[in-house]
Amino acid sequence: MKRIYVNEAWCLGCHLCEYNCAFANSGLRDMASALKGRQIYPRIHVEGKDGVFFAVSCRHCDDPLCVKSCIAGAISKTDGVVQINREKCVGCLTCVLVCPYGALAPGENGAMQKCELCLQNSCGAPACVTGCPNGAIVYEEREAAV
Amino acid sequence: MKRYVIIGNGVAAVGCIEGIRSADGAGEITVISAEPHPVYCRPLISYYLEGKTDLQRMQYRDGSFLANVGCTVRYGVRAQAIDPQAKTVALSDGAQLPYDALCVAAGSSPFLPPMQGLETVPRKFTFQTLDDALALEQAITPESRVLIVGAGLIGLKCAEGLHARVGRITVCDLADRVLSSILDAAAAARVQKHLEAQGIRFLLGDSVAQFSADFAEMKSGETVPFDVLVLAVGVRPNTSLVKEAGGETDRGILIDERMATTLPDVYAAGDCAQGYDRSCGARRVLALLPNAYLQGHAAGVNMAGGCASFDRGIPMNSIGFFGLHLMTAGSYDGEVIAADSGEAYKRFFVKDDRLTGFILIGGTDRAGIYTAMVREQTPLHTVDFSLLTSAATSAAFSPAVRTERFGGAV
Ligand SMILES: Cc1cc2nc3c(=O)[nH]c(=O)nc-3n(C[C@H](O)[C@H](O)[C@H](O)COP(=O)(O)OP(=O)(O)OC[C@H]3O[C@@H](n4cnc5c(N)ncnc54)[C@H](O)[C@@H]3O)c2cc1C
Ligand code: SF4
Ligand code: SF4
């Protein structure tokens, strides 16, 4: 399946992916009203140190610990995509405690959120990838680890 | 066609069903469920009282689950005995159910130590099942004075669930601190303070000497009036079926890394089982939901003739109380590294170049990075550990590790 992959050599650490993510999942048409002056809750996060940056989002693991650990049965995997039913989530953070990559964080109302590859919103393909100015994140098929 | 029987209908049973189906799409699966409900999220019973979920949303799987996996559940029926020679399970409805592979996923039961005068208390409850929560809900009024015996996870979660719906809550515990099995003294003091700020009262290092119908006389001499009593002293793994059938048990049903008990073709998983705890290198009961699923799944795969082992269980907890989140993992062995920052309380335990465990109150972002290090026993000299103690980040790993994680399928 297609996943998001990171090429940290190309990442500028500009955080644009975070804004594109928050906008894509806001359900709003206009970027300014979605983001301006507001705390944003993106599902991708740029981390880094010493001038090296990389954007972390859900790996859609082959063996997703978050799915197996959620105390509310709120996380499931369908056709390779790991998704959260935010209606069921009770905000216990157990998924944060088990995800080895730091890919989940609470959203605005405390329910968890994570990358669902923009398959649930109107983008249809990850907005972070589309908007990355330097090709530091890509959306493609890769089989084994490179 | 292979016949699978699962005793118990909790999360370990679901893991087992899904494990079986990953390897055998056809075999006949029968689940024996003492509780008369479809599988629900046991940890959510306090969130139910709190109004943060409801009976529909707290279902662990959606309504089409049983039909999709092709599995029969016998509700309201108990397994009474296992005959490992004849390979049958005797049920409370008189049936003898034959099996080719059996999984005991019977969970645990509240432990009730003998207490003076307990029989005189009319409204007393345990807090383990959905029916317990529903009965408790019936018994409370906005004026109720509730006494909870036990300041562990279950007692405190119960207190949180009841808080907005009753008049007053007192929690007592023999231990001198809250959550004594997972927190050190300083962390426990923080949590206690936070709960006290909500109006919950604690009597710690104290226990009930004598119950009367509506008050308890404490060992300390204090008298605590109450209308509703909740007993949350602890739980005991349900081991008797396996023990009586001649299988080895300790605190829990002893299982190997394949989830096999010492009885042929009998497996065990979840709160009733005692499997390998990687963080201490011995077998321990890990009464936690993630562990129940993972053990159940491994058992199911093996029952269906596949090959699965699960030897990476570790104790771990993520709990929130009134907006304060705490996380713990591992076995607090070795040197303690204090790394508080701002409001956050952080303790890391390090031994032989490995992270053995941690305690966090606040500062929980991306904490799964730490949990993975405890589970995988990551050598600390391969990471930037001082960076990690300030915040969990993959920036602390080598570029090669990051390429593996974020540049490939995992
Ligand atoms: C209030 C509360 C809060 C919790 N919070 C958390 C949390 O935040 N995080 C976490 O990880 N864990 C939490 N837990 C623990 C978690 O719920 C358990 O670890 C998990 O549910 C265990 O699943 P299981 O399938 O092993 O057992 P169970 O869910 O207990 O299922 C076992 C089932 O077997 C049935 N049974 C027993 N004997 C028989 C028999 N002879 N015949 C037929 N059926 C039988 C029982 O009735 C029960 O329904 C909490 C538990 C409670 C009570
Ligand atoms: S949230 Fe974490 S554990 Fe779950 S699928 Fe994504 S990367 Fe894997
Ligand atoms: S925070 Fe929500 S999604 Fe995560 S484990 Fe808890 S209930 Fe499940």
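How far apart do the C-alpha centres of domain 1 of chain B and domain 3 of chain B lie? The two centres are 32 Å apart. This is a predicted model, in which local features need pLDDT of at least 70 and side-chain atom pairs count only at pLDDT 80 or more, while totals for chains, interfaces and linings use all residues. Residues are numbered from 1 along each chain as its sequence is written, chains are lettered from A and ligands numbered from 1 in the order in which they are written, and side-chain values use heavy atoms, with hydrogens and water left out.

**Stop 1: the domains of chain B**

Colour chain B by domain: domain 1 (3-108 + 236-303), domain 2 (118-231) and domain 3 (325-406). These bounds come from an automatic or database domain assignment.

Next, select the boundary of domain 1 and domain 3 of chain B, where four residues of domain 1 are in contact (heavy atoms within 4.5 Å) with seven residues of domain 3. The two domains bury about 360 Å² between them, 39% of it on carbon and sulfur atoms; buried area is the accessible area (1.4 Å probe) that two parts lose on being put together, summed over both. Show B:Arg278, B:Ser279 and B:Arg284, which supply 97% of the area that domain 1 buries against domain 3, more than any other three residues.

This interface has zero salt bridges by the rule, which asks for a side-chain nitrogen of Lys or Arg within 4 Å of a carboxyl oxygen of Asp or Glu.

**Stop 2: chain A against chain B**

Now display both chains. Here 40 residues of chain A are in contact with 46 residues of chain B, and the chains bury about 3600 Å² between them, 61% of it on carbon and sulfur atoms. Select A:Lys68, A:Ile71 and A:Leu97: they supply 20% of the area that chain A buries against chain B, more than any other three residues.

Three salt bridges are counted between chain A and chain B. To see a salt bridge, select B:Asp384 and A:Lys49, whose side chains meet at 2.8 Å, N to O.

**Stop 3**
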